[in-house]
Amino acid sequence: MARLTALKDWRNWRRGRELRPAPGADDVENATQRVLMYGVLPMWFVPAVADWVMHRRTDIEKTTGVKESAIHALMMAEAGVPVLAGLVARINPLVLTMMGGAAAVHSATAIWDVTVATEDREVRPVEQHIHSFLEVLPLAAVVITSCLHWESVRDLAHGGKQPDAWKLLPKERPLPGKYLAGIAAGVGAFVALPYAEEFIRCVRARKSGA
């Protein structure tokens, strides 16, 4: 029965009143929502493109190649899944655990990425600095989301005792459709497309080298 109820909730996930920061409001909650929605998430696109540019400049396809590019794809998935959950799902102990765990795994994978990269490819100081932004942004998103949903953080600290603590449910007040479409377009244009091009380039270089 609970599973059927959850499925019904997801079928109607866009029917709730949309969540929008109140125009002109300067209270802490609205300011924090603006920072998360229009600062932290779009900010991800800039270092992502910059990192891709650095990979091209150092000829990744001729050095670490497919292996490093595949790690980049893994890191995008590690960041993308919790971002998607945070955008469409209700913030509860389950989603907070997912976001925090993904941020930790992403940081560990970033260390692996740099270890692989420095074996055969020149990783310049500028690229290292870009990596710093890419590593910090997922952690910043978790912290800001936790500040906005302190009641869920407190419930998580007590083991998730609330009835829906460990259920993946849609937001009661979904984010605006235009905003979600804009984020999706940004991810496609500035993250998925460049790194797909990188991976294809690396695969072609390996085949030609073979």
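Predicted model: local features only at pLDDT ≥ 70, side-chain atom pairs only at ≥ 80, totals over all residues.
**View 1. Glu127, a buried residue in helix H6.** Glu127 belongs to helix H6, which runs over residues 125–148. With 0% relative accessibility, Glu127 counts as buried, because buried means under 20%. Look for Arg121 here: its side chain and that of Glu127 are joined by a polar contact of 2.9 Å. Setting aside neighbours within four places in sequence, Glu127 also touches Asp51, Met54, His55 and Glu122, along with Arg121.

**View 2. Leu148 and its partners.** Leu148 is another residue of helix H6. Gln33 sits 115 residues away from Leu148 in sequence, yet their C-alpha atoms are 7.6 Å apart in space. Beyond its neighbours within four places in sequence, Leu148 is in contact with Glu29, Thr32, Gln33 and Leu36.

**View 3. The largest pocket.** This pocket has a volume of about 890 Å³. Its lining takes in 40 residues, and nearest the centre you'll find Gly86, Ile91, Thr145, His149 and Lys171. Sorted by class, the lining has 23 nonpolar, eight polar and nine charged residues.

**View 4. The second largest pocket.** Here the space comes to about 160 Å³. Among the lining residues are Trp44, Gly80, Leu84, Leu180 and Val187. H4 and helix H8 (177–209) each supply at least two of the lining residues, and H4 gives the most, with five. By class, this lining has nine nonpolar residues, one polar and no charged ones.

Terms used:
Residues numbered from 1 in each chain as written. Heavy atoms only, no water. Helix = DSSP H or I, 4+ residues; strand = E, 2+ residues; numbered from the N terminus. Buried < 20%, exposed > 50% of the residue type's maximum accessible area, 1.4 Å probe, protein only. Polar contact = N/O pair within 3.5 Å; in protein donor to acceptor, adjacent residues only side chain to side chain. Contact = heavy atoms within 4.5 Å. 1 Å grid on protein atoms, 1.4 Å probe; cavity = no way out; pocket = protein on both sides within 12 Å on 5 of 7 lines; lining within 4 Å. Points joined across faces, edges and corners; volume = space filled by probe spheres on them. Nonpolar A, V, L, I, M, F, W, Y, C, P; charged D, E, K, R; others polar.
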